[in-house]
Amino acid sequence: MQSDNEKMLQEIVQNTEMGKNTLDEMLGLTHDQRLKNEMMRQKNEYRRLNQQAHTALAALGVQATGQSAAAKMGVSMGIRSRTMLDKSTRNLATMLAEGSGQGVLDCKRAEKDYPTASPGAQQLNRELCDMQTHAEQTWREFI
C-alpha cells in the first residue's frame, strides 16, 4: 500500500507533467514572443519541480508514474478543439490560466488527502501550488 508521502509525490509528478505537456503543445500555437518566453520560463519551472519529485520517489525506491496516455491524449484533443478557430494570445492565455487554476486545486486536494506526507513532500507541493498561483495571475495579464 502506498504511503501518503508516495501518493503526494506521485500527484506532484502528474501535475508537473500536465503543465509541461500542455506548454509543449501550446508553444507552437503562438507567434507572441512575450507569451512564448513566459511559456518557456514556466515549462522550466515545471521541469525542475518534476525532477525533484522523481528524485524523492527514487529515494523511496519507487518508480514515478506520470500522466497516462489517455490523459495526455485528452489534453491534446482539448487544446486542439479550443484553438482550432482561435489561436489568439487572449484565448491561449485564458486556457493557460484555467489550467494553472486547476493545478492549484489539485495541489490543495493533495494537501488535504495526504496529511501524513513528509515535510519535504508537503513543501514541494506548496512550492508547486505557489508557482501555479503566480502563473495563473501572470496568464491573466495576457488576457
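Predicted model: local features only at pLDDT ≥ 70, side-chain atom pairs only at ≥ 80, totals over all residues.

User: Which residues is Ser100 in contact with, leaving aside its neighbours within four places in sequence?

Analyst: Ser100, found in helix H4, is in contact with Tyr46, Gln132, Ala135, Glu136 and Trp139.

User: Why is Ser100 called buried?

Analyst: Buried means under 20% relative accessible area. Ser100 has a relative accessible area of 3%, so Ser100 counts as buried.

User: What makes Ala64 count as buried?

Analyst: The cut-off is again under 20%. Ala64 has 14% relative accessibility, and therefore Ala64 counts as buried. Ala64 is found in the loop between H2 and H3. Not counting residues up to four places away in sequence, Ala64 touches Gln10, Val13, His54 and Leu57.

User: How do you know that the span of H2 is close to the one expected?

Analyst: The expected span is 1.5 Å times one less than the number of residues. H2 has 27 residues, for which 39 Å is expected, and H2 reaches 39 Å from its first C-alpha to its last.

User: What do the buried residues of H2 pack against?

Analyst: They pack against H1, H4 and H5. Among the buried residues of H2 are Leu35, Met39, Tyr46 and Leu57.

User: What makes the pair of Asp32 and Arg34 a polar contact?

Analyst: A polar contact joins N or O atoms within 3.5 Å, one able to donate a hydrogen and the other to accept it. At the start of H2, a side-chain oxygen of Asp32 reaches to within 3.0 Å of the backbone nitrogen of Arg34, so the pair falls inside that cut-off. After H2 comes Gly61, whose phi is positive, near 80°.

User: Which residues lie nearest the centre of the largest pocket?

Analyst: Met18, Thr22, Met95, Gly99 and Ser100 do, out of 22 lining residues. The largest pocket has a volume of about 410 Å³. H4 gives the most to its lining, with eight residues.

User: How many residues of that lining are nonpolar, polar and charged?

Analyst: The lining has nine nonpolar, ten polar and three charged residues. Gly is counted as polar here, so Gly99, a lining residue, belongs to the polar group.

Definitions and conventions: Residues numbered from 1 in each chain as written. Heavy atoms only, no water. 1 Å grid on protein atoms, 1.4 Å probe; cavity = no way out; pocket = protein on both sides within 12 Å on 5 of 7 lines; lining within 4 Å. Points joined across faces, edges and corners; volume = space filled by probe spheres on them. Helix = DSSP H or I, 4+ residues; strand = E, 2+ residues; numbered from the N terminus. Buried < 20%, exposed > 50% of the residue type's maximum accessible area, 1.4 Å probe, protein only. Contact = heavy atoms within 4.5 Å.
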